[in-house]
Amino acid sequence: MSKNKTNRFTPLWMAVCVVIGILVGTFYANHFSGNRLNIINSSGNKLNNLLHIIDDQYVDTVNINDLVEKAMPQILAELDPHSVYITAREGEIANDDLRGSFFGIGIEFVIRQDTIRVQNVIGNGPAERAGMMAGDKIVEVDDSSFVGKICTNEEAMHRLKGPKDTKVKIGLIRYGEKKVRHITITRGEIPTKSVTACYMIDDETGYIKMKNFGENTYPELLIALAKLAQQSFSNLVIDLRGNTGGYLESAVQIANEFLSKGQLIVYTEGRSFPRQEYRADGRGSYQNIPLVVLVDEGSASASEILAGSIQDNDRGTIIGRRSFGKGLVQKPMEFSDHSMIRLTIARYYTPSGRCIQKPYTDGKHYDDDWLSRYQHGEFFSVDSIKHTGPQYHTANGRVVYGGGGITPDIFIPEDTLGMTSYYKEATMSGLILQFAYNYTDENRQRLSELKEVKDMERYLKSQNIVEKFANFADKNGLKRRNLMIQKSHKLLERFVISRIIYNIHNEQSWTEYLNQDDPSIKETLRLFKAGEAFPQKPVAEEAGKKIAHA
């Protein structure tokens with residue numbers, strides 16, 4: 001009987017043991033592995049699962065937020081070169097130029113020898129009203145020393161900018177003095193200009209230079225055009241060299257001023273964003289004025305939208321070198337902490353249908369594109385330009401190319417006359433900028449008396465400025481090379497004088513000086529004089545030659 005009873009309960013005991021085993025195993029699995037098996041096999045995405053596992057099991061305490069901050073740029077970099085993550089502080093700095101104004105003290109500065117040097121003081125701005133002068137060195141901010149390694153551009157802007165009507169106490173040293181002066185500045189609204197130069201090159205030709213496309217660029221352009229109209233301009237050149245772009249809407253507004261009703265300016269299209277066209281409304285006031293647009297390898301994004309719309313509609317002539325090649329549209333998306341991502345959502349296309357985005361396979365290759373262009377001779381010969389995209393046709397049937405920037409109608413090579421390794425090192429090392437600042441500081445009173453650019457140019461040439469620079473450079477690590485200095489004398493003189501003019505006057509005076517012997521400006525004036533600012537309609541088989549060998 002007892003034996004049969006035991007046999008009868010054996011299955012029950014075995015089942016109980018299995019259940020106990022499962023419970024014990026589950027306990028230990030949960031205790032020692034954090035129950036991550038369920039997480040890994042859950043329906044959540046793998047990245048979130050990974051972060052949960054790290055947070056739960058990693059040997060040391062990890063700040064998951066910091067980990068995410070570091071990972072996000074890497075993730076976005078896998079998409080394309082222009083999808084980026086921006087911290088809150090970086091976003092504020094990046095947007096100031098495009099917003100049209102920011103709140104600060106109103107100075108332009110450079111950092112030399114770990115110290116803020118005031119280069120220019122904005123007229124009637126907070127700093128000028130408080131008594132700050134160009135040439136002052138800022139050594140304290142809010143009673144704390146601000147020199148040395150802590151003194152970076154980013155940290156300086158962070159400390160000097162701030163909400164409107166807030167105060168900042170500045171300790172500064174003036175040239176020729178040793179004692180620190182203290183002034184208190186009430187921060188105010190500081191305008192940032194997109195149009196940095198506007199003047200008449202000759203009796204008929206107006207010139208406008210734009211450094212970016214921001215919120216106020218279009219009204220600034222209208223003001224500049226009105227100023228030129230008062231001087232009876234009949235030709236116009238818009239200089240977009242070095243203009244890295246900005247807002248699409250700003251470029252569209254400006255193109256609208258020069259195009260006829262219905263002409264396509266640009267269109268955008270992406271996987272989740274249907275084609276959107278931007279066309280001229282016919283209200284532009286300058287639809288018939290002879291027009292030239294200057295571009296170079298630094299002209300990007302919105303600059304290429306404007307140049308492409310002018311070129312594809314045969315509205316004017318593009319002069320210079322092939323532009324950067326950014327044809328991607330980013331949408332900013334802000335997080336609760338004011339950091340953001342700028343995600344590429346579409347490509348933009350010029351009126352002929354070309355996307356001018358240059359190829360990208362990896363970040364390094366993309367970033368080194370300028371160097372690659374330089375090395376294979378593109379800056380010096382039109383025949384070295386490598387087009388990766390197909391051919392397209394303008395309104396008049398001229399051939400243009402996609403896949404890598406706007407190729408100009410008339411190519412202007414970079415000037416290599418007088419170029420030496422000494423000159424390259426002098427410019428790339430920053431020694432010319434340092435010398436120009438020091439010279440300006442030491443001679444500010446005399447230089448400030450020279451109100452006209454030509455007067456200052458004559459004076460500086462009489463001071464044997466290149467020899468003074470060579471002595472300064474020799475003492476600061478750039479060994480004298482007398483034959484190279486002689487060969488590069490004109491380039492060195494031009495660069496040094498331009499920077500001193502910039503330090504004393506403003507960006508317009510600097511631009512006027514550099515434009516005096518600029519090859520692109522000379523070609524522009526020749527074109528206007530010959531009446532060739534509007535491209536003529538070529539026969540189809542000659543169109544490619546007209547572009548490639550202009």
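Trainee: Why does Ser309 count as buried?

Mentor: Its relative accessibility is 0%. Buried means under 20% relative accessible area, exposed over 50%, and partly exposed in between, with a 1.4 Å probe and protein chains only. The value of 0% is under the limit, so Ser309 counts as buried. Keep two points in mind: this is a predicted model, where local features need pLDDT of at least 70, side-chain atom pairs count only at pLDDT 80 or more, and totals for chains, interfaces and linings use all residues. Residues are numbered from 1 along each chain as its sequence is written, and side-chain values use heavy atoms, with hydrogens and water left out.

Trainee: Which residues does Ser309 touch?

Mentor: Leaving out residues up to four places away in sequence, Ser309 touches Ala255, Leu259, Ile265 and Pro351. Contact means heavy atoms within 4.5 Å.

Trainee: Where does Ser309 lie?

Mentor: In helix α10, residues 302–312. Helices (H or I, at least four residues) and strands (E, at least two) are DSSP runs, numbered from the N terminus. The protein has 22 helices and 21 strands.

Trainee: How many of the residues of the protein count as buried?

Mentor: The share is 47% of 550 residues.

Trainee: At what angle do α9 and α10 pack?

Mentor: Helix α9 (residues 248–256) makes about 25° with α10, and the axes are 9 Å apart. Axes are lines fitted to C-alpha atoms, for helices over the stretch in contact, and angles run from 0 to 180 degrees between N-to-C directions.

Trainee: What makes α9 roughly parallel to α10?

Mentor: Angles under 35 degrees count as roughly parallel, over 145 as roughly antiparallel, 65 to 115 as roughly perpendicular, and the rest as oblique. About 25° falls under 35, so α9 is roughly parallel to α10. On the α9 side, Leu248, Ala251, Ile254 and Ala255 make the contact; on the α10 side, Ala302, Ile305, Leu306 and Ser309 do. By class, that contact has seven nonpolar, one polar and no charged residues. Ala, Val, Leu, Ile, Met, Phe, Trp, Tyr, Cys and Pro count as nonpolar, Asp, Glu, Lys and Arg as charged, and the others, Gly among them, as polar.

Trainee: In what order do the strands of the six-strand open sheet stand?

Mentor: The order is β10-β11-β12-β15-β16-β21, and the pairing is mixed. Two strands pair if DSSP finds at least two bridges between them.

Trainee: Why do β10 and β21 stand at the edges?

Mentor: β10 (195–200) and β21 (410–411) each have a single partner strand, so one side of each has no neighbour in the sheet. For β10, five bridges join it to strand β11 (residues 205–210), and the two run antiparallel. That count meets the two-bridge limit, so DSSP pairing holds for β10 and β11.

Trainee: At what angle do α17 and α19 pack?

Mentor: Helix α17 (residues 465–475) packs on α19 at about 90°, with axes 9 Å apart. That angle lies in the perpendicular range, so α17 is roughly perpendicular to α19. Ile465, Val466 and Phe469 of α17 meet His489, Leu492, Glu493, Val496, Ile497 and Ile500 of α19.

Trainee: And what is the angle between α16 and α19?

Mentor: Helix α16 (residues 453–462) and helix α19 (residues 489–504) pack at about 130°, with axes 10 Å apart.

Trainee: Why does Arg494 count as partly exposed?

Mentor: Arg494, found in α19, has 26% relative accessibility. That is neither under the buried limit nor over the exposed one, so Arg494 counts as partly exposed. Arg494 touches Tyr513, Leu514 and Asp517, not counting residues up to four places away in sequence. Arg494 and Tyr513 are 19 residues apart in sequence and 8.9 Å apart in space, C-alpha to C-alpha.
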